[in-house]
Amino acid sequence: MTDTAREEILARISEALGRRGGGEYVSSSPRTAVPGTGGTAHAESGGVASANTAATAADAGYHHEGTHTGESLIELLIDRLVDYKANIHRADGDPSATIAELIGGHSSVVVPRGLDSSWLAGYSGGVRVDAPGEELSVDELDAQGAVVTASAVAIAQTGTIVLDGSDECGRRAITLVPDHHVCIVRTDDIVDIVPEGISRLDAHAPLTFISGPSATSDIELSRVEGVHGPRTLDVIILSS
Amino acid sequence: MTFLGMPLLPSKRRSDLPGGQGNIIEAEAFPEASHEHLSNQQLRNNIGHATSTIRSKRAEVVSELDDWEALRDAGEATKNEVMANLPEYLAQFEEAFTAAGGIIHWARDADEANAIVTELIEDNAPMLETGRREVIKVKSMATQEIGLNEHLEAEGIDAFETDLAELIVQLGEDKPSHILVPAIHRNRDEIREIFMDKMPDAGELTNEPAVLAEAARRHLRHKFLTTKVAISGANFGIAETGTLGVVESEGNGRMCLTLPETLITVMGIEKLLPKFADLEVFLQLLPRSSTGERMNPYTSFWTGKSEGDGPQNVHLVLLDNGRTRALADEHGRTALNCIRCSACMNVCPVYERTGGHAYGSTYPGPIGAILSPLLTGVQEQGNGSLPYASSLCGACYDVCPVKINIPEILVHLRGEDVKANHSPVSSQLDTALTGASWMMGDGKRMAAAERGLPLAHKVTSGEQINALPGIASAWTSSRDIPALPEKSFRQLWAEEEANDRDEEGQR
């Protein structure tokens, strides 16, 4: 049934685009989209897209690189994260004391397999390591007071931290089910604007963009932090 | 930026591609549907407050970006590019998504999509003791459009909405009235009543938003942790990599997208972006335009299945349901560029007064007034009235992050409606317009008509006119015509000219 639907929808699209002898199309590698070139490549008869790839993304007119560097970049990230009700801490070289202080009240926390174990040196509660083949069940995750992870990239302009499923960030469920997320952002991983952030990521990794803790504005548009995800987000900015 | 254009030339290509079905066809025409909403003061207050709040937030965060117009240009160009080469991008997407372990299903219309989703649920969600099955849902316009929840209910499947606003709407047995904040027409007292009435364990609640949000969390927590199948829409599909993405705030999206074993996504075929890098534009345009935030709290991207992380059965239903019909309209197809941000409805003076229900469609506001008729055809029930549900003030075009020229398409669709739905026999209006065109088409005739002004001014005693006969009564039934002036502009001009000449002569 669906094969027929597939062929029919593709044929309809070809007809809609005015391609005579509709239904013919290239199976892959259409021409690269170039944002900002303004023009639309009109498909030529026969259905093969025109191969006009004149401009590069750099011609698109919007910014590809930010202007903040060094301390002003960190300040911008902090400003934006505070705006989204995340709690900010700074650590130089060794975040273990800060981490211990933040999670000290929880009897048990979960960490991803690749997290630097020295970071938990000051914590005396139980540490559950979530690793491939030894994943915590959803109920076990629900019983953890907090989760401690690293991060892949942080975008200062929007106050966004990206987790990419790496060994340091963990699988997506561990940063979702516990109510308290302590996230370490290395200063080297801070970029200024969104395009710089996107260019550092691998599309094939499971990606989670986090800008502050869970929030809703569905009731009279007044913002409430904490609905279904972690209600508390502590960010430790770690200078090397 | 106000657009007051003439109808465009009729499209040369008259497509007879099938239109969409489901919740995009208005049973009642807009003028009738809007009538009762206009007199609902509570609704107008709620909506007026909400739209003005989002409007100012949006304006503030947009003004922070000095390259905003360049981002809009890039967004527009990228979506035009996708539409012009849609078969190629769909094929590329299909290949990449399948290679990553996902399974694609194609649905020509709402019925077919509903049937596919039902079958997938029956294969993957266990039958409960009640004899029914349960799924959790992330807010999705595509599933609203096809009426999925209603269909599933009839098939013995309970679909739980997990977005707070959708939950309010679902528990209140209501309909969404806004794309982004579906319960925008409800205030905190109404929401409190719905929750206490419909949530079994809610207990006594105050009307504080934080208390109400906490009640929703308790209500849904167990469902998130135990339900085997989730249904979502997608904000973007990346052709290059086969990646899907959902943009959200509450974490209910992350819950649905990562905890269940099976994830079924329903996405319109127009949602594609060519490359992963294109997200650098759209992740700036979308949050700022929709919630007025620099970035929404949570965005999830997944490419097929990730070993050991998230759902291991990943399905995607690619939906036509009238999109190819809209694509065939050369003057209207850019409506498919819409990224569902809802900025247009927040600035629309018509939406602000009628609310979303009056549009009778999943897609309300200015975008709904063009999208619904494009997907279904103007001859479908009330949809021919939607292109008139606008003042053509152009505010929607100004805020659209992908620069959809909504006013121009509205005018084009009015032309389509006149051709399709109105009798060729001359109406009173046609006669009046023919007369006006004869008179205004010639300067001498116009001048002759204007010479009657001083007389008309005397007859009306310089008062405003509040009732005209015949077809013109439709205008005066809700508006007054300003008092007629004593002299026409032409006469005033001639007098000024004469004065000037006199002054010149005296010098």
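Tutor: Start with the terms: on a 1 Å grid over the protein atoms alone, a pocket is an open set of points with protein on both sides within 12 Å along at least five of seven lines, whereas a cavity is a set of points where a 1.4 Å probe fits but cannot get out; lining residues have an atom within 4 Å of a point. Grid points are joined across faces, edges and corners, and a volume is the space filled by probe spheres set on the points. This is a predicted model, in which local features need pLDDT of at least 70 and side-chain atom pairs count only at pLDDT 80 or more, while totals for chains, interfaces and linings use all residues. Residues are numbered from 1 along each chain as its sequence is written, chains are lettered from A and ligands numbered from 1 in the order in which they are written, and side-chain values use heavy atoms, leaving out hydrogens and water.

The second largest pocket holds about 1200 Å³. Its lining has 47 residues, and B:Asn149, B:Glu150, B:Val169, B:Gln170 and B:Asp174 are the closest to its centre. Sorted by class, the lining has 17 nonpolar, 16 polar and 14 charged residues. Here Ala, Val, Leu, Ile, Met, Phe, Trp, Tyr, Cys and Pro count as nonpolar, Asp, Glu, Lys and Arg as charged, and the others, Gly among them, as polar. Among the elements of chain B that each supply at least two lining residues are α7 (148–154) and α8 (164–171). Helices (H or I, at least four residues) and strands (E, at least two) are DSSP runs, numbered from the N terminus.

The structure has six cavities of 30 Å³ or more. The lining of the largest cavity divides into 19 nonpolar, 12 polar and 12 charged residues.

The second largest cavity contains about 90 Å³ of space. Of its 15 lining residues, B:Cys338, B:Cys341, B:Cys344, B:Cys400 and B:Pro401 lie nearest its centre. Helix α14 (residues 343–347) of chain B gives the most to this lining, namely three residues. The classes here are 13 nonpolar, one polar and one charged.
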